[in-house]
Amino acid sequence: MSDHYLPGLEHVIANETSISYLDVEKEEIVIRGYDLIELARHVTYLDCVGLLLEGALPSGQRLLEIESQIQSVYGLPSNVRAILHLMPDQADMMDVLRTGISALASFDEELDDRSPDANKRKAIRLLAKVPQIVAYGYRAITKQPLVEPDPALSYSANFLYMITGVIPTPIEEAIFDQSLIVYSEHELPNSSFTARVIASTQSDLYGALVGAVASLKGTLHGGANEAVMHMLLEAGSEDDLEVLIRSKLARKERIMGFGHRVYMRKPDPRALLMKEALAQLAVTCNQPELYDMCVRGEEIMRTEKGLHPNLDYYAAPVYYLLGIPIELFTPVFLASRTLGISAHVMEQHANNRLFRPRVRYTGARDLHPPLRRNSSESEDENE
Ligand SMILES: CC(=O)SCCNC(=O)CCNC(=O)[C@H](O)C(C)(C)COP(=O)(O)OP(=O)(O)OC[C@H]1O[C@@H](n2cnc3c(N)ncnc32)[C@H](O)[C@@H]1OP(=O)(O)O
Ligand SMILES: O=C([O-])CC(=O)C(=O)O
């Protein structure tokens with residue numbers, strides 16, 4: 001047994017996969033052979049559903065089938081809706097989502113069937129229902145009118161519509177779809193790893209996804225997109241953002257939306273795409289100052305720390321301009337990542353080896369407990 005220990009499993013190869021790979025040198029995110037950014041520019045999120053779950057980009061006919069399969073299972077069981085209504089007003093939306101997915105599991109008749117076909121059908125059901133848990137859960141808790149899915153809309157337009165209650169413009173729809181693609185899969189982040197670890201015990205897709213929700217909630221991972229928006233709003237202007245970032249850095253605080261375990265000091269290609277989207281939206285929404293503020297933040301971090309923005313830095317203001325409530329930024333990320341996580345769980349189930357690593361022990365040895373069980377006499381002796 002090797003006693004080589006790398007904290008945080010940094011640089012450790014923990015899996016073989018044919019799903020995706022971060023080629024940091026080439027600044028490319030490889031998704032089943034394709035460049036993620038090229039996919040985001042040319043195809044739709046539903047194409048990526050075919051690519052990730054079935055291994056190849058779907059034909060036009062298959063794409064229509066995927067769309068109708070998803071639409072045919074839109075809707076939440078009434079008991080799941082009731083559970084969402086019971087969540088307290090102050091609940092974190094990631095906790096609401098975790099609870100909703102967990103509740104949904106027991107309504108899936110194929111829950112414990114780990115065959116590739118059953119897993120794919122469950123993934124399709126999750127892709128239909130997770131966005132609705134996000135939108136419905138938020139509206140239930142904030143006591144807003146509930147918005148049912150509209151099958152006349154595209155997958156992404158419908159998701160945004162269920163959240164905002166307004167049918168998006170074609171530009172908004174296209175940008176939101178691109179954001180879902182860039183959030184859909186990213187090799188082996190903490191959340192997908194968590195899901196694979198859970199799946200490796202032969203546990204089910206829903207359980208693995210619930211674990212991934214808990215992982216993604218943290219601000220070192222998905223939770224950063226919400227933290228970024230709070231920081232931008234707290235600053236309110238370019239100059240004040242500079243002051244805020246500098247004062248945080250002086251206090252040795254982390255600036256959310258910057259840095260990445262794998263990219264380290266190289267750019268995250270997804271952030272560049274979302275920066276373009278922000279530039280476009282800032283014009284259509286007449287909010288050029290938000291774009292300028294973000295660019296200033298990026299420049300300060302590059303000069304002060306040599307760090308680049310990650311996807312969350314530019315996705316946050318994009319979601320803000322799309323009218324998505326800040327509490328839903330991370331849930332939307334999870335809804336999109338449900339796709340990649342499902343692919344990882346399917347791959348794990350298809351070629352499984354239980355995850356069970358070892359530790360480097362740093363605790364005490366050779367201690368002996370007091371003898372409490374024999375008699376009160378011997379216990380007294382020990383005291
Ligand atoms: C979609 C996603 O999930 S992307 C990640 C989203 N998360 C965030 O944006 C949170 C902010 N970022 C971070 O905390 C980190 O960059 C992480 C957690 C993402 C990656 O961290 P790690 O790989 O553990 O990097 P590590 O902690 O070793 O940092 C290396 C150096 O960069 C600094 N650093 C890294 N990120 C940041 C940051 N956001 N702000 C300020 N300094 C930072 C560290 O302080 C450290 O500096 P030092 O060498 O002077 O001590
Ligand atoms: O890869 C990571 O560690 C985090 C990340 O960017 C993602 O999950 O999209």
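This is a short tour of the model, one selection at a time.

Before you click, know that you're looking at a predicted model, where local features need pLDDT of at least 70, side-chain atom pairs count only at pLDDT 80 or more, and totals for chains, interfaces and linings use all residues. Residues are numbered from 1 along each chain as its sequence is written, while chains are lettered from A and ligands numbered from 1 in the order in which they are written.

**Stop 1: the two domains.** Colour 16–218 + 328–350 as domain 1 and 224–321 as domain 2; these bounds come from an automatic or database domain assignment. Their centres, taken over C-alpha atoms, are 25 Å apart.

Where do they touch? Across the boundary, 15 residues of domain 1 are in contact with 20 residues of domain 2 (in contact: C-beta atoms, placed from the backbone, within 7 Å). On the domain 1 side, select α1 (36–42), α8 (170–184) and α16 (329–350), which each supply at least two residues. Helix α8 gives the largest share, five residues. Helices (H or I, at least four residues) and strands (E, at least two) are DSSP runs, numbered from the N terminus. This side of domain 1 has eleven nonpolar, three polar and one charged residue. Here Ala, Val, Leu, Ile, Met, Phe, Trp, Tyr, Cys and Pro count as nonpolar, Asp, Glu, Lys and Arg as charged, and the others, Gly among them, as polar.

**Stop 2: the core.** Now show Leu209, Met274 and Val318, the residues with the most contacts inside the largest nonpolar core, which has 105 residues. Such a core is a set of buried Ala, Val, Leu, Ile, Met, Phe, Trp, Tyr and Cys residues joined through C-beta atoms within 7 Å; buried means that 20 or more other C-beta atoms lie within 10 Å of a residue's own, with C-beta atoms placed from the backbone. Helix α6 (residues 116–141) provides the largest share of this core, eleven residues. Why does the core lie between the domains? Because domain 1 and domain 2 both give residues to it.

Zoom in on Val318: not counting residues up to four places away in sequence, its contacts are Ile175, Ser179, Met274, Ala277, Leu278 and Leu281.

**Stop 3: the ligand.** Select ligand 1, and you'll find 18 residues around it, the closest being Ala224, Arg254, Phe258, Gly259 and Arg261. To be near it, a residue needs its C-beta atom, placed from the backbone, within 6 Å. The shell has seven nonpolar, seven polar and four charged residues.

Key:
A residue is buried if 20 or more other C-beta atoms lie within 10 Å of its own, exposed if 12 or fewer, and partly exposed in between; C-beta atoms are placed from the backbone. Two residues are in contact if their C-beta atoms, placed from the backbone, lie within 7 Å.
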